[in-house]
Amino acid sequence: MKKYLSVLLCLSLILFSGCNISQIAQTDEDPAKKTVDMSLELSVSNKAFVKGDFTYKVLSDNTLVLTKYAGSLAFPELPAAVDGMKLVGIENKAFYASETLSEIVIPDSVLIIGNFAFMSCKKLTKVTVGSSVKNIGVSAFEGCEQLSEVIYESAPEIIDMKAFYMCSALKVIDLPEGVKTIGEWAFAKCGEAEYIRLKQDLETIGSHAFLKCTKAKSLVIPGSCEIVEVSAFYQCKSLTDIKIENGVRELKKGVFEECESLVEIELPQSVTKLEKYVFYNCLSLRKLIDNSSAQELGDDIFKYCEDLKIYTHQGSAFYENNNYRDLCTDKI
């Protein structure tokens, strides 16, 4: 009965909304259903073929997407073209949970690395991202627990949600200039990464993006990123040097919560809003230099920062807020 009702509902949507079934599928937010061809806004031809250890599907513009690797090589060589057709995408789950893959070079022809493409490849240690890649998909390398090196020949505009989540052996997170979006949880729990390097053009740092990157020592948040989302650097316990560039406007809830090694921080003039818990439990925080034009301050921003002094000026939001006035000095 439930199945019958579901069919009726689907038919009703098609009849009354003017949508066809493929359009409904493309609006589904499930990343497992958003394929490379959808991202490229192309259709799939009826042709699909196997060549060697690789299976491909052909797109309407006569380009290819690699859909499956069935081999057992540690370092398979991906072709940039097959039979005169350019390889433009690595499909969802194409290498999912490979038991042998240890290194991969994404060809310069590829535009999109699909969702879950290399997820749970437990022996993967090195990835080279080709010069044309624009999008690294949801959970593309999630759980690649031996991945220690990622080389970027290009600047992917989007590094999507959980793209490198729990890549616990990754030594450095060094993103090139041109990356615009770092999705939610993208590099969370990359606990061995000693550096986080972010560059200009970055517009979005998603919530929990670098959560528990516990060995990272320094960080620059570029001014091109106006909003730093919730708990982006939660429990980055070794961060001692954080620079927030002018241009950043909002620090969301718990952005630097439990960054327990942080001693000093400076807020640029551009900052207008700090939500609650931004520096919650930053036990070593001694000095905040406030150059901000903050108008909105959340509760418990500095809870348990017991030795903190705020270097600000009379009339600032911190000075006028009864919760923070006792921490303030007007010597900036």
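**Burial, ring pairs and a pocket**

Colleague: Why is Phe279 called buried?
Modeller: Phe279 has a relative accessible area of 0%. The cut-off for buried is under 20%, so Phe279 counts as buried. The value is computed on a predicted model.

Colleague: What makes Phe302 buried?
Modeller: The limit is again under 20%. Phe302 has a relative accessible area of 6%, so Phe302 is buried as well.

Colleague: Why are the rings of Phe279 and Phe302 called stacked?
Modeller: A pair of aromatic rings is described by the distance of the centres and the angle of the planes. Centres must lie within 6.5 Å, and planes under 30 degrees apart count as stacked. For Phe279 and Phe302 the centres are 5.7 Å apart and the planes at 5 degrees, so the pair is stacked. Phe279 is in the loop between strand S21 (273-274) and strand S22 (287-290), and Phe302 is in the loop between strand S23 (296-297) and strand S24 (309-311). The two are 23 residues apart, and their pair links distant parts of the chain. The structure holds 19 aromatic pairs.

Colleague: How do you know that Lys287 lies over the face of Tyr311?
Modeller: The distance limit is within 6 Å of the ring centre, and the position must be within 35 degrees of the ring normal. Lys287 is listed as over the face of Tyr311, at 5.0 Å from the ring centre. The charged end of Lys93 sits over the ring of Tyr96, 5.3 Å from its centre.

Colleague: Which residues are closest to the centre of the largest pocket?
Modeller: The largest pocket has about 210 Å³ of space. Of its 17 lining residues, the closest to the centre are Lys34, Ser39, Asn115, Asn135 and Asp160. The lining divides into 6 nonpolar, 7 polar and 4 charged residues.

Technical notes:
Residues numbered from 1 in each chain as written. Predicted model: local features only at pLDDT ≥ 70, side-chain atom pairs only at ≥ 80, totals over all residues. Heavy atoms only, no water. 1 Å grid on protein atoms, 1.4 Å probe; cavity = no way out; pocket = protein on both sides within 12 Å on 5 of 7 lines; lining within 4 Å. Points joined across faces, edges and corners; volume = space filled by probe spheres on them. Nonpolar A, V, L, I, M, F, W, Y, C, P; charged D, E, K, R; others polar. Phe/Tyr/Trp six-rings, centres within 6.5 Å; stacked < 30°, edge-to-face > 60°. Helix = DSSP H or I, 4+ residues; strand = E, 2+ residues; numbered from the N terminus. Buried < 20%, exposed > 50% of the residue type's maximum accessible area, 1.4 Å probe, protein only.
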